[in-house]
Amino acid sequence: MIIPLQHILIFSLLLFATGLYGVLVRRNIIGILISIELMLNAANLNLIAFSKSTSLAPETGQIFAIFVIAIAATAAAVGLAIVLALYRVRKTVYTDEVNLLKW
Amino acid sequence: MVAPIPVALIPLLPFAAFAVNILAGRWLKHRAAWLSVATSTLACALAIPLCWQVFRGAHFAHQATWLMLGEVPLQFGYLLDPLSSTLLFMVTIVGTLIQVYAMGYMRGDPRYSRFFAYVSLFMAAMLTVVISNNYLLFFMAWEIMGLCSYLLIGFYFEKDSAANACKKAFLTTRVGDIGFLIGFLTLFAAIGTLNFSEMNSIISGAGATPLNTTLLSFAAFFIFCGTIGKSAQFPLHVWLPDAMEGPTPVSALIHAATMVAAGVFLVARSFTLFAAAPNVLPVVTAIGTITAFGAAFIALTQHDIKRVLAYSTISQLGYMVTALGLSGLGAGTFHLITHAFFKALLFLGAGSVIHGTHVQDIREMGGLFKKMPSTAVTFIIASLALAGIPPLSGFWSKDEILLTAFASGHTFVFGVLLLTAFMTAFYMFRLIFLTFFGEARNPKVHAHESPALMTLPLWALAVGSVVIGIPGSPFMHHWFQKFMAHASHYPEYEPSLFVMACSIAAAVAGILLAGVVYLKQKHWAENTAKAFRPLYLLSFNKFYIDELYSAYIVKPFHAIGRILFGFDETVVDGAVNGTGYATMLLSRIKNWIDIHIVDGFVNFTGAFAYFLNSFTKRLQTGFIQNYLLIVVAAVLAFLIFELKSI
Amino acid sequence: MEILELFSKIGIYATMALVLVFALGVVALRNLFHCALCLAAVLIGTAMIYVALHAEFLAAVQILVYVGAVMTLVIFVIMLTEHLGGKTIRQTNRQSPAAIIGLSGIVVLLGTLLMKTPWPVTAKALDAKVSVMSLGKALMGTYAFPFEVISVILIACLIGAIVIAKKDVSEKGPS
């Protein structure tokens, strides 16, 4: 371990916060999806870091990271498909223009 | 002895006709009449052989227990003795003939089937009265007769006069009926039975236990009240003239031949009782004599053809009652039978005249003899019978009554009855001369003879009026009187030529006087009326009895009614309305509470929820990132909480 | 060694800093295409950090799957939808100040929490090397069932994505 665990965690926290900020404020749905990928990356980084520093089986963290990547890929695929369908029906990709479900 | 055929069928057949006609009359239409006539004829066919056997000396009686009153059984049954079989004979024949006549008379009436239903019901009730063997059954059928009388008098209920007449008839006879009810209940208390035969044997076979004569007199007097009401005797006679508002066949059947005779029949039925209560018989005689004379006096001046006949009926009923009061059971019953034939004939003849001319006032008639020969001839035959011209039936029966009065020593009564016979002859022939002779006084009247369906019963009754007196005449050695007396052991009197001569003289004098006054010297009538104006007015206004009743009975009752009505209206209705108003007021208050407080709560709940939701609904933006921001805020809060705990 | 270690440390921190800068680019740039490129940079940077943490296989997967497949997909969709034109359209919504405050709160709090927490670090784990073979054995042995489930999910999602994204035939039909 070249750098302390805390530093990696702080880094992944910042990365996660940045991604969450993107999720919270971007109007474009594709932008939101991209920001989600950022957050997933931060999570993956945490998994690797912990698998490197604790006495669990060292492969576990990486395998879960691989699962996360796989799920992320499917999420991206479904999400983008939804974006396409939405775009086709309502000619928009902005979240505040599809707020039908409200009071 | 039990009769060879079910006697109950005799009244039940007309009753069946009534049931069918009242229920299916709308569908039967004119066939209703055939049904009524057929059942009546059948009853007649059943009754006559039975009567014949009774005339030959048989005696039928049978009864079945209806219910037990404690120890005492109430029994229904029939009793066919000389008295009831004679009436049965008369009622079935006269009733059937009148119904045949009514088929022609009522043709085209909108309530044709209804009329025959009522008549059949009446026949059933009358036959039940005749054959019943106890007071209770008698009274029940008697009441049904009263009902039928009411319904049929008011048959043309569209007319106010008919509606008033039927009410008057019902209420007036009701007074007598209540007396009858009190009477036979008193009798029940006195001797413990309502059965006629048992009553006869108890009273005549008295001696084992001395009977309470006062109680018996009381009972007899009140039973006689029933007769006064039903047979239209003096104080309660006022309903019968008004009852002429009904259709003429009804007047003939109910108000001349049968129902009014039922009152006389009641006295004859209870004769043992009346004889055992000697205080009552003079009352009966007095009432009968007053009625006979007064009604004849009124009949002298009436103008309505049916009213003259009605007063004549009252007068003749008075004769019968007088005879019974003088213990002349055979004489009274004999006159009842003969009178039923010729008075039914007179009414049917009057009906035929009315049918042919459409007027009832004799002043508008005249010279109808040529236009209506059958009607006129039969009418004259009946009138001769009523006046008492031998050898027609009326002579024999009237003579028998006069004889009873004369021979029993009641000379005053005899005199009055003789005068009445004179008046009877006079007013009947006044009627005939004014109606059938002279010239037609009203050119608008276009008379025509009635159809055969109506004239045939007239002829049949005319034959009856002629021959029915034979059984009581010297030609058959007074068979009828003996037949009656045999049943009841009451005095017989030897025929008196003096009485017969008086009777014939009175009748002939009356007819001749009428002929002179109304055919030759027409001004005599007016002059006499002017000369004896008070008497004329007294007769013309029927002794002012209706006015007296109106002033001293009806008006006070009206006044009481008004007072009670006022009480009802102000106090009772006031209480009811007050309750209503109070309820309304209370409900208005409740309504106000409901609207402003209960509804206010409900609405406030809604409005409050709406008010609160105006804040909270802002959270539901439909904007997903906003929700996510709230999640972030929640996580932040959670973290702050966590850090504090550390 | 020390110098080498120092340099590699400097390299790692520098990579981290760059990644954060690119990450800011991902969320803040107006042009979505640029964002996607920044994301690619972030992913590559993260892969480099994986390498530094001795997760070479994962780094390779990251590059292959993310940069190779997901990024291509993302850029493809951007191309499909982004002919809306006007790049002057506002790209962030009104809640960005609130988000910044909230997130900085979270970062500060979680950061303190992380720094305060005594993380157990075992020497044995630090030394362990994870070979691709052991990974493969674990994947096909211990985690065989989740692996298969993931495969099914992957297939299902891809088919679902196709169904959602394809044009509705009935809409296009002659009506």
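The points below describe selected features of this predicted model.

1. Chain A as a whole. Three helices and zero strands are found in chain A. Along the sequence, the pattern of chain A reads α-α-α.

2. Burial and contacts in chain A. Of the 103 residues in chain A, 53% are buried.

3. Length of helix α1 of chain C. This helix covers residues 2-28 of chain C, 27 residues in total.

4. Buried positions of α1(C). The buried residues in this helix are Ile12(C), Met16(C), Val19(C), Phe22(C), Ala23(C), Val26(C) and Val27(C). As background, an α-helix has 3.6 residues a turn, so residues three or four places apart point the same way.

5. Partners of α1(C). Which helices do the buried residues of α1(C) pack against? In chain A, the partners are α1 (5-25) and α2 (29-53). In chain C itself, α2 (32-52) is also a partner.

6. Leu23(B). This residue belongs to helix α1 of chain B, which comprises residues 9-28. Is Leu23(B) buried or exposed? Leu23(B) counts as exposed, because it has 11 C-beta neighbours inside 10 Å, and the cut-off for an exposed residue is 12 or fewer.

7. Leu23(B) and Ala117(B) are separated by 94 residues in sequence. In space, their C-alpha atoms are 9.1 Å apart.

Note on methods
Residues are numbered from 1 along each chain as its sequence is written. Chains are lettered from A and ligands numbered from 1 in the order in which they are written. This is a predicted model: local features need pLDDT of at least 70, side-chain atom pairs count only at pLDDT 80 or more; totals for chains, interfaces and linings use all residues. Helices (H or I, at least four residues) and strands (E, at least two) are DSSP runs, numbered from the N terminus. The expected span of a helix is 1.5 Å times one less than its number of residues. A residue is buried if 20 or more other C-beta atoms lie within 10 Å of its own, exposed if 12 or fewer, and partly exposed in between; C-beta atoms are placed from the backbone. Two residues are in contact if their C-beta atoms, placed from the backbone, lie within 7 Å.
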